[in-house]
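Here are some exercises to work through with the model open in your viewer. Try each task before you read its solution.

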Amino acid sequence: MRLVVEQNQALSREPRTILVTGGAGFIGSNFVHYWCQQYPGDRIVVLDALTYAGNRNNLAGLEGWANLRFVQGDICDRPLIDALLQEEGIDILAHFAAESHVDRSILGPDAFVRTNVIGTFTLLEAFRQYWLTNGQPTHFRFHHVSTDEVYGSLNPNDPGFSETTPYAPNSPYSASKAGSDHLVRAYYHTYGLPTLMTNCSNNYGPYHFPEKLIPLMCINILMGKGLPVYGDGQNIRDWLYVEDHCSAIDAVLHRGKPGETYNIGGNNEVKNIDLVHKLCELMDELATDLPVRPAHKLITFVKDRPGHDRRYAIDATKLRTEIGWTPAETVESGLRKTVQWYLTHRNWWQPLLSPEYQAYYKQVYTSV
Ligand code: NAD
Ligand code: DAU
């Protein structure tokens, strides 16, 4: 039987207490910075396992923030989640923690199923129990951060993904995210748990781990290393500056309807090869010490990613019309900021090029 819950009660007023899973990763840490700026009265509890992708330095500048607590732990650890929800009196669970890199999911899918499926299930069950124990407060929210990759791949003239596009995940990563999305959907429909879900396009910006396309290209240009473009470089991604993703989640948390899904994107479709050329031009312009100039001389086509999705594009009409959100950055302004950030934050990314990372790099880019 579907439970009937009051859906029109808004998020409670400040101060609120938010549990941010994966808050030491790329988007999660940007969200923590964003939220501390926007709502300094709220308390934030970051739960992060600090996998290879998690980094305490991503929260630099917030060490003295009295309302911030960092807990190193695993989202699959049910007793830990139960204790945190209870002792902190959590109102909002913002769930970013995941294994997030497609290439790693091809090399080793196990961790993806564990964290993305079992971990999300563990959080849902813990949150449901906690919500029931507290009398099913209507202002509680479980916000699941997901991806456009669950919708699969588009042909050149297809319309962008909407919230009703059928799921068709193609990689172990996207399949595990699709599994977690289905669980979130089921917890609303079966139990009435006040869930929200957002499916966002490709993000970029500060604190992006070096393995992903944009930071990898920026770092390799600065080091004079080859720029490995998969296949023919004609694959298309729809890019969104990470702070715009954070503001969209904020808008959905405040104005979204429980049980609903909202797609997030900024209408910025770019072919990979064009994006890499753009990064080269920006580096030629902004960097004074490039080992190879012009940087595009470093571009190398390498063997394609297995099962490589050809095109992603988001139709964010629902978010725009129902929630009133629009992005602040264009791809030009966002890329410029990002290149500047990698230029001025070498102390952040240099330690990440560890022997473990080099071994991973060698495994993926054997033909570079
Ligand atoms: P990321 O890999 O940079 O960060 C993931 C974080 O989760 C890390 O800090 C890691 O330590 C933590 N983590 C991993 N396993 C954990 C576990 N078992 N318990 C606790 N913490 C764990 O990822 P990201 O790019 O910041 O992505 C965040 C979320 O946004 C993910 O759910 C991802 O699917 C989604 N997303 C990402 C993008 C993108 O372009 N990066 C776009 C849309 C959606
Ligand atoms: O669409 C949202 C997704 O975007 C998120 O859910 C994922 O967590 C995130 O990693 C990202 O997935 P992609 O696979 O699209 O991102 P990535 O940066 O790995 O690759 C972007 C494109 O660039 C893709 O077409 C593959 C290509 N690429 C990537 C790398 C790392 C290359 O050509 N060369 C490379 O070295």
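On a 1 Å grid over the protein atoms alone, a cavity is a set of points where a 1.4 Å probe fits but cannot get out, and lining residues have an atom within 4 Å of a point. This is a predicted model, in which local features need pLDDT of at least 70, side-chain atom pairs count only at pLDDT 80 or more, and totals for chains, interfaces and linings use all residues. Residues are numbered from 1 along each chain as its sequence is written, and side-chain values use heavy atoms, with hydrogens and water left out.

**Exercise 1. Describe the largest cavity and its lining**.

Step 1: start with the space. The largest cavity holds about 80 Å³, where a volume is the space filled by probe spheres set on the grid points, joined across faces, edges and corners.

Step 2: The lining consists of P210, L216, I219, N220, M223, K225, L353, Y357, Q358 and Y361.

Step 3: assign elements, taking helices (H or I, at least four residues) and strands (E, at least two) as DSSP runs numbered from the N terminus. Both α6 and α12 give two or more residues to this lining, and α6 has the largest share, with four residues.

Step 4: Seven lining residues are nonpolar, two polar and one charged; Ala, Val, Leu, Ile, Met, Phe, Trp, Tyr, Cys and Pro count as nonpolar, Asp, Glu, Lys and Arg as charged, and the others, Gly among them, as polar.

**Exercise 2. Check the length of helix α1 and find what its buried residues pack against**.

Step 1: the expected span is 1.5 Å times one less than the number of residues. For the 13 residues of α1 (residues 26-38) this should be 18 Å, and the end C-alpha atoms are 19 Å apart, so the two agree.

Step 2: ten of the 13 residues are buried (under 20% relative accessible area with a 1.4 Å probe, protein chains only). Among them are F26, F31 and W35.

**Exercise 3. Which residues have the most contacts inside the largest nonpolar core**?

Step 1: a nonpolar core joins buried Ala, Val, Leu, Ile, Met, Phe, Trp, Tyr and Cys residues through side-chain atoms within 4.5 Å.

Step 2: the largest core has 44 residues, and I214, I221, L227, L279, M283 and L335 have the most contacts inside it.

Step 3: follow one residue. Leaving out residues up to four places away in sequence, L279 touches I214, M217, C218, I221, L335 and V339.

How values were computed:
Chains are lettered from A and ligands numbered from 1 in the order in which they are written. Buried means under 20% relative accessible area, exposed over 50%, partly exposed in between (1.4 Å probe, protein chains only). Contact means heavy atoms within 4.5 Å. On a 1 Å grid over the protein atoms alone, a cavity is a set of points where a 1.4 Å probe fits but cannot get out, and a pocket is an open set with protein on both sides within 12 Å along at least five of seven lines; lining residues have an atom within 4 Å of a point.
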